[in-house]
Each structure stands twice: as structure tokens, then as C-alpha cells.
Amino acid sequence: MSQKKSRGGAAAREDADELSRSPLQAVLLADSFTLKFRPITLERPKVLLPLVNVPMIDYTLSWLETEGVEEVFVFCCAHAQQVKEHLEEAGWTGKPAAWEMAVMAVESHDAISAGDALRVMYGRGLINGDFVLISGDTISNMSLKEVLQEHKDRRKKDPLAVMTMIIKHSKPSILMHQTRLGTDEIVMALASETKELLYYEDRADSSHLCVTIDKDILANNPTLQLHNNMEDCYIDICSPDVLSLFTDNFDYQHLRRHFVKGLLVDDIMGYKIYTHEIHSSYAARIDNFRSYDAVSKDIIQRWTYPMVPDVLSFGNCHEMKLHRQGIYKASDVTLSHSAQIGANSVIGNATSIGEQCKILNSVIGEGCSIGKNVLIHGSYIWDNVIIEDGCKVSNSLVCDDVHLRAGAIVEPGCILSFKIKVGKNVVVPAYSKVSLLDKPSNEDSDEELEYADTNSGVTDSAREPAYPFSSTRGNADHPTIVSEDDELGASETCTSGVLGYIWASGDTGILEEWRQSIAPIPKEKLQELQHAVSVDGDVGSEEDLNNRPSEADRDNDSEIGVIEDDDYTKFEKEVEETFQRAVDGVHQDNLILEINALRLSYSLQHADCAGAVFYSIMRAALVAAQSTNDSLLKSTADALTKWKDLLRNYTKTVDEEMEILLKFEEMCQEITKEFSPLFSKILPYLYDKEIVSEVAILRWAEEKENADEPDKVFVKQSDVFIQWLKEAEEEDEDDEEEE
């Protein structure tokens with residue numbers, strides 16, 4: 001490996017230099033250490049679950065390889081054999097020595113937590129220097145170069161700086177107190193200058209809207225930043241001391257709740273943890289089914305580029321081709337002429353789709369057979385699934401080898417595990433989790449820890465017998481078990497006919513399934529939460545909650561939207577879908593009427609429409625562009641020229657023009673890597689086409705003057721143009737004075 005040679009060429013000077021020359025290593029935790037993906041993970045490890053038809057772990061390994069990691073130790077516990085077989089079949093292990101990254105499986109059946117895994121790694125003596133700690137359910141396209149250098153430089157000055165955590169900006173919901181990934185709102189306190197982590201709480205008591213911080217932290221830090229708008233990416237740069245610390249403290253089980261919090265309150269040893277915030281890159285961990293859905297959509301919409309279906313290729317995965325409107329199809333797909341594939345959908349290899357089918361915002365795996373008049377919306381259908389005529393699947397996950405008989409309906413939020421069979425016209429109730437395996441009876445009930453799925457790895461011969469349960473649209477939460485002699489789907493209006501166990505709510509460790517479900521949050525739940533908040537009177541009236549924050553509010557550190565985040569996200573997506581219909585031929589006047597109707601139905605402002613419409617136009621430009629910046633700039637100019645009148649309809653005031661700038665900045669900072677280097681070129685175009693005014697641009701720049709440095713990136717990038725506007729404004733004022 002050439003990188004190894006270059007690192008080993010310099011003479012040793014001191015221990016810190018020795019660290020920098022060691023091969024860059026990573027520890028990848030391939031065990032979920034959680035129960036949130038049960039019952040699926042009883043049969044297959046979480047890291048091997050398909051994410052847009054590619055196993056999760058392949059995204060993680062591919063990213064590590066692109067970032068120059070030379071050795072990856074994949075820690076396996078539950079389903080270890082499946083993980084090792086996949087690594088070999090996908091070509092990660094057994095590579096020739098000339099390949100840049102060596103992948104080695106480390107197996108242990110005694111570890112029941114992340115802490116145990118790291119203690120095993122310490123005992124094996126495999127780590128030689130600083131290393132990347134990551135789980136195999138993490139998707140990222142960030143560059144490690146800067147954070148690695150920061151960590152090494154910091155270690156030279158202070159050997160007690162043992163870890164650097166990657167964090168990113170997030171917008172928690174004011175009602176749910178969780179992010180769009182379904183994870184709890186995190187409260188962090190950071191040292192203003194050094195970004196040292198001083199306080200970390202991932203289970204804050206949101207009912208009191210306050211946190212308790214040790215007075216010593218305040219006494220020792222005259223200024224600090226308190227955030228509730230940061231997301232933990234679960235990517236860490238660690239020194240070898242981290243492993244020894246886990247070995248010295250056997251009560252450390254959870255990486256954050258025990259290790260991080262333990263170091264923060266330890267006044268004796270003085271170890272320190274720092275943070276590194278990413279802005280224009282992507283990083284997210286798939287913690288639950290809601291984050292599975294959110295990250296899948298991010299991949300399809302190319303926020304994770306180059307970790308996208310048409311670029312990645314692993315093992316036996318077939319090549320995918322990107323079509324218009326974010327539709328990905330494999331080469332060997334049988335598609336009826338009357339079938340409709342909607343935007344942001346993926347169709348896997350050797351799949352057939354029948355007449356009058358509608359596939360909308362969904363991922364279909366390989367080898368699936370979908371009959372006539374089937375509607376699949378917002379769902380994930382894995383491999384070799386059979387869906388007969390007239391079925392309907394909404395916002396659900398259907399695992400390999402499931403068979404839905406004609407007329408079956410799968411309601412939102414359902415999880416159908418492997419080989420489930422659903423009879424004719426049977427309705428699977430919302431949020432049902434169905435498996436051929438019964439709930440294990442000998443699991444640990446302590447939900448404080450990330451325990452390994454120790455009951456996993458059940459073989460076919462060891463399974464409990466499965467029974468059909470009755471299921472109709474009006475059934476209660478616990479469908480009744482019927483006779484094993486009943487024929488599956490015996491009746492056209494059958495009241496029985498799902499072969500498997502339905503897991504009761506809470507069997508997976510989640511009492512409120514809707515909070516972390518693939519399905520959108522039910523409207524009645526949002527209304528209940530909004531009513532509870534308005535009754536408490538802590539954050540304003542119900543009317544206040546229906547309005548977006550003012551521009552002044554946007555500058556506050558928390559940046560919590562006062563409208564439910566999921567509602568605005570849904571509105572933005574509906575606007576994009578409406579805009580796509582206009583691209584296909586709907587008249588602009590009708591488009592405006594439809595968007596206005598959406599705005600009224602969501603009780604939003606004109607400024608929200610401006611941001612959503614701008615987002616839709618830029619997304620269309622991104623899809624139309626090729627891979628070069630010149631191509632993207634041209635497609636953006638064409639799109640803005642074509643739709644400038646539509647945008648002007650929603651930019652009647654300076655505040656609404658500001659929304660365009662803030663939305664563009666947000667897209668570039670958080671998820672749209674492609675637009676980031678072009679910001680300063682597109683901004684003058686927005687001005688020339690009279691989409692945003694001189695006043696709005698100068699006001700935007702002025703409001704950024706006192707912001708943190710990372711928030712000034714695009715102002716600095718556009719400095720020449722902004723200075724030109726200021727000089728032109730001064731010349732106009734001088735001319736007026738002379739007159």
C-alpha cells in the first residue's frame with residue numbers, strides 16, 4: 001500500500017509523531033447492541049439489512065475506504081457467521097495485499113454491549129494508534145482529513161484529549177423533542193473557543209424545558225455554548241487510551257451514556273472529549289425505523305453522494321441507472337406500459353411490475369413479482385417478495401420472501417419479517433410487527449444499555465411453530481390466534497389469514513411505535529402533543545405554534561421551529577411532487593393554485609412557500625445536471641430562468657426573499673454538497689433575475705456579521721459580489737445628495 005510506505009518513510013522523533021505514521025485504523029461495530037429492529041434482527045444482523053437495496057455495512061466500509069482507512073476491524077457478535085460470510089462474498093475480506101484497505105473480522109460471543117466489544121479489542125492488541133470508531137449502520141460522505149489532523153494536533157499539545165466526536169446541526173421538533181431521524185433531542189455544552197465537550201445529555205427532561213449543569217462547569221468556563229440543535233453522528237476519532245479506559249471501567253457499557261458522561265464527570269483523571277461539527281457533508285446513524293426511512297430518502301435524493309445507488313457496486317449487486325425525477329432502475333426490470341413509477345423510487349433487478357400498478361416514493365428489491373392494480377406508497381419491499389393483484393402497501397417494511405395474496409392491505413407502520421404470508425383481502429393493522437418467531441422469553445429487560453441481540457441466530461430447526469392470527473380493519477391491538485387447521489386465506493372476506501406472530505407494542509422495547517415508525521406521525525398524535533404544549537403555556541399559544549419563527553428567531557442558537565418539523569417536511573415534499581407535475585406539463589397558474597391550497601391546508605406563510613418552491617427548483621436542476629460544476633451551473637441557470645415568475649409570486653417582501661437565501665444556505669450547508677462551491681456564482685444570478693433584491697442580500701450579509709465562523713462560509717465566498725452591491729448603493733446615495 002503506497003499510503004503505508006509514505007507514512008513509514010519519516011524518522012521517528014517522539015511518541016506523538018509515531019501515532020501519525022501508524023496505519024489509519026477503524027473499529028466497526030457490526031452488532032446492533034439494541035432491540036429496536038426486532039423482530040427482523042432475530043434472523044439477520046442489523047448491519048446486513050438492505051438500505052436502498054445495499055447492505056448497511058457496505059456503505060460504511062465504502063466510505064472508510066474512500067477516506068484512506070487502511071485497516072478495519074469488524075467486530076462481530078450476534079449473527080457473526082452471517083457477517084463474515086457477507087464480508088467475503090462482497091469482496092471486503094480476502095483482498096490482495098495491493099488493495100488499500102484490509103478488512104478483518106473480530107469475533108466474540110461473550111460481548112453483550114459496545115463496552116464489552118471495545119474491551120475485547122483492547123485484549124486482542126490490534127490497535128496501534130489513533131483510530132476511527134464507528135458502527136456499521138452509519139452513512140457518511142464527510143472528509144476525515146480535517147478532523148484527523150485536528151485530533152492529532154490537539155493530542156500533541158494535550159495527551160488527555162482522548163476523543164473527538166463528529167456532530168452536525170439538526171432541527172429537533174418542538175412537539176416531539178426528537179430529530180427527523182427519530183432520535184431524542186440532545187443537549188450539549190461546548191467550550192466556545194476550543195469546542196471541548198463539557199456536558200452531554202441524550203435523555204433530557206423535555207417536560208420542564210430546562211437542564212441542570214454543574215456549577216463547576218460554569219465557574220471554569222466564563223463562556224460556553226449550550227446546544228439542543230446538534231445531532232451526534234456516532235463517528236468518533238479515538239486515541240488508544242479509549243480502549244484502556246473501557247478495560248479499566250467494567251461498568252462502561254453504553255458509549256455515550258456511560259463512557260462519555262463518565263469522563264465528563266471524572267475530575268481525577270482529567271480526560272477530555274472534543275467535538276468537530278460538519279456543515280456541507282452528510283453523516284447519519286440508522287438508529288430506528290424512522291431513521292431507516294429518512295436516510296433511505298436522503299440516499300435516493302443524493303444527499304449522500306457518492307454513496308448513491310448508481311455509483312456504489314458491491315459483490316453481487318446489480319448496476320442501477322438513474323432516470324428523471326430521481327427514479328433508479330436496474331437493467332433487468334419487467335415493467336408494464338400502464339404501470340406508474342413515481343419520483344424518488346428504486347426498482348431492483350429481475351423485478352416484474354404488472355398493469356395499472358403505482359409505485360410511489362418506494363424501494364423495491366430484487367426478484368420481486370408485483371401483480372396488477374397494486375399500490376405501494378412510501379414503503380420498502382425487500383428481495384423475492386410476491387405481491388398479488390389489488391394489494392395496497394402504505395409506509396411499511398416488507399422483508400424477503402413475504403407473500404401477499406390478492407387484495408391484501410398492509411396499513412402504515414407495519415413490519416412484516418421474513419417469509420410472512422398474508423391471505424386474500426386480509427388487512428394487517430397499522431404498526432403491526434409480524435414474525436415467524438415468537439418473542440424470546442429470556443431477554444434482559446434493562447433498556448438503559450445497548451445490549452447485544454443475544455437471542456439472535458435462531459436456526460430454522462429451532463423456531464417455534466407459527467400460527468395464523470385474525471386481522472380485520474376493525475380489530476383491536478392484539479389479533480386473536482385462530483386454529484392451526486384454518487386455511488390461509490380461505491375466504492374472500494377472510495377474518496383470518498396472516499401466518500406468524502404479531503408482536504405486542506413494547507415487545508421491541510418501544511412503547512410508542514408511531515414515534516420511531518416508517519409511517520408519518522399520525523395527525524391525531526400531533527394534535528394531542530400540540531394541545532398538551534399549548535395547555536402547559538410554556539411555549540406560547542396554539543396559534544403561535546402554527547406560525548414559523550421570525551427571522552430574528554432564526555439567529556437563536558436552538559433554531560427550534562415553532563411548527564412541527566414533520567409537517568413542514570411533508571409540506572415541502574408535497575410542493576416538490578406538485579412541482580414535478582408542472583415540469584411534466586401542468587400550467588403554471590394551476591401550479592400556483594395547488595401550492596396555495598397546500599399552504600392553507602398546512603397553515604403556513606408565503607415565506608414557507610418561497611423556500612419550498614426554491615428547494616424544488618434547485619432539486620430539479622440537480623437531477624438534470626451531469627457530474628460537473630459547469631453542467632450544474634448551466635442547469636441551475638436554465639431552471640431559475642424558466643421558473644423565476646413562479647418564485648416571484650412568493651417573494652413579495654424582503655423577508656420572503658430572505659427565505660430564499662436562508663433555504664439556499666441551508667441546502668448547501670447541510671445536505672447539498674454539489675451546490676456549495678457554486679453559491680457565489682448562483683447568488684448574482686438570483687439578483688440579476690430579480691428573485692432576490694439588493695436589500696435582502698445586504699441584510700442577509702449584515703445578520704451574519706456576528707455569527708460563528710462556520711455560519712459565515714457563504715458570505716465570505718460571496719464577498720466580492722456583496723462589496724460590489726455595497727459600493728453601488730453608496731454611489732446611488734452620493735448621486736441623490738448631489739441632486
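Is Asp-401 buried, partly exposed or exposed? Keep this question in mind while opening the model, which is a predicted one.

**First stop: two loop residues**

Select Asp-401, in the loop between strand S28 (397-398) and strand S29 (403-404). Its relative accessibility is 34%, and therefore Asp-401 counts as partly exposed; buried would require a value under 20%, and exposed one over 50%. Next, consider the backbone: the phi of Asp-401 is positive, about 65 degrees, although the residue is not a glycine. Most residues other than glycine have a negative phi.

Now select Gln-356, which lies in the loop between strand S20 (352-353) and strand S21 (358-360). Gln-356 has a positive phi as well, near 60 degrees, and is likewise not a glycine. With 48% relative accessibility, Gln-356 counts as partly exposed.

**Second stop: two cis peptide bonds**

Most peptide bonds are trans. Select Arg-38 and Pro-39 to see a cis peptide bond, with omega about 5 degrees. Pro-39 is placed in the loop between strand S1 (25-29) and strand S2 (50-51).

Then move to Tyr-305 and Pro-306, where the peptide bond is cis with omega near 10 degrees. Pro-306 belongs to the loop between helix H10 (289-300) and strand S15 (320-323).

Select residues 255-265, which form helix H9. Why is helix H9 described as largely enclosed by the rest of the structure? Eight of its eleven residues are buried, so the rest of the structure largely encloses H9. The buried residues are Leu-255, Arg-256, Arg-257, Phe-259, Val-260, Lys-261, Gly-262 and Leu-263.

In soluble globular proteins, nonpolar side chains tend to be buried together. The largest nonpolar core of this model has 151 residues, and Val-74 and Trp-700 are those with the most contacts inside it. Helix H16 (residues 606-624) supplies the largest share of this core, ten residues. Apart from this core lies another, of 39 residues, among them Ala-114, Met-230, Tyr-252 and Leu-255.

Select Trp-700 and display its surroundings. Leaving aside residues up to four places away in sequence, Trp-700 touches Met-658, Leu-661, Leu-662, Glu-665, Phe-679, Leu-683, Phe-714, Val-715 and Ile-722.

Display H16 and H17 together: their axes come within 8 Å and cross at roughly 145 degrees. The crossing is right-handed. On the H16 side, select Ala-610, Val-613, Phe-614, Ile-617, Met-618, Ala-621 and Leu-622. On the H17 side, select Leu-632, Ser-635, Thr-636, Ala-639, Leu-640, Trp-643, Leu-646 and Leu-647. Together, the residues of this contact divide into 13 nonpolar, two polar and no charged.

An α-helix has 3.6 residues a turn, so residues three or four places apart point the same way.

**Last stop: H17 against H19**

H17 passes H19 in a right-handed crossing.

Which residues make the contact between H17 and H19? From H17 come Leu-633, Thr-636, Ala-637, Leu-640 and Thr-641, and from H19 come Lys-681, Ile-682, Tyr-685 and Leu-686. By class, this contact has six nonpolar, two polar and one charged residues.

Methods. Residues numbered from 1 in each chain as written. Predicted model: local features only at pLDDT ≥ 70, side-chain atom pairs only at ≥ 80, totals over all residues. Heavy atoms only, no water. Buried < 20%, exposed > 50% of the residue type's maximum accessible area, 1.4 Å probe, protein only. Helix = DSSP H or I, 4+ residues; strand = E, 2+ residues; numbered from the N terminus. Core = buried A, V, L, I, M, F, W, Y, C linked by side-chain atoms within 4.5 Å. Contact = heavy atoms within 4.5 Å. Left-handed = near helix turned anticlockwise from the far one by under 90°. Nonpolar A, V, L, I, M, F, W, Y, C, P; charged D, E, K, R; others polar. Axes fitted to C-alpha atoms, helices over the stretch in contact; angles between N-to-C directions.
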